[in-house]
Amino acid sequence: MPFIRYAVGDRGTVLKKKCPCGLATPLFIVEGRTRTLHLGTKNLYYEDINRHISSHVSAILQWQIKKINEKHIEFSFVKGRTYNPSFENHIRTRIENLLEKDTQIEIRAVSAMQLTTAGKTDAFIDNVNKI
């Protein structure tokens, strides 16, 4: 079977056992995508947020959205050299358009992001469902 239809953000596990059909290629289980954050009746997708941030790539070096509860998120970011406070309003407006109207959006600049063991930043952290 070809390795297709997987995207950055898919999570899985490589298995140590061999395929019963005799192929020598490794077996793996895809456990799902983590590029979606569920908030109430809405979903927040990585691509929807990153599209707006990538147009300000020198203003925002890294970013992360943390789900505090079903009606409260925190957007954290590391400022870049061209950062302008008006950018926060731009991001707030974009996120508000994607979520339910009563969702609380907290925006804060941080000096650094916590990295995963792979040296990357998790775009979404779900403090409710612990993804």
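Rings of Phe, Tyr and Trp (its six-membered ring) are taken to pair if their centres lie within 6.5 Å; planes under 30 degrees apart count as stacked, over 60 as edge-to-face and the rest as tilted. By this rule, the chain on display holds five aromatic pairs.

The model is predicted, so that local features need pLDDT of at least 70 and side-chain atom pairs count only at pLDDT 80 or more, whereas totals for chains, interfaces and linings use all residues. Residues are numbered from 1 along each chain as its sequence is written, and side-chain values use heavy atoms, with hydrogens and water left out.

**The whole chain**

Begin with the entire chain in a cartoon view. Two helices and eight strands are present; helices (H or I, at least four residues) and strands (E, at least two) are DSSP runs, numbered from the N terminus. Their order from the N terminus is β-β-β-β-α-β-β-α-β-β. Of the 131 residues, 29% count as buried, a term that means under 20% relative accessible area, with exposed over 50% and partly exposed in between (1.4 Å probe, protein chains only).

Next, select residues 60-69, which make up strand E5, and residues 72-79, which make up strand E6. The two strands run antiparallel and are joined by eight bridges; strands pair if DSSP finds at least two bridges between them. E5 and E6 form a hairpin, with two residues between them. Within this pairing, Lys67 stands opposite Ile73 in E6.

**The aromatic rings**

A pair of aromatic rings is described by the distance of the centres and the angle of the planes. Show the side chains of Trp63 and Phe75, a stacked pair with 6.1 Å centre to centre and 15 degrees between the planes. Trp63 lies in strand E5 and Phe75 in strand E6, 12 residues apart, and the pair links distant parts of the chain.

Are these residues buried or exposed? Trp63 is buried, with a relative accessible area of 9%, and Phe75 is buried at 1%.

Phe77 is buried, with a relative accessible area of 1%.

Finally, select Tyr46, Trp63, Phe75, Phe77, Tyr83 and Phe124 together: ring pairs link these residues into a cluster.
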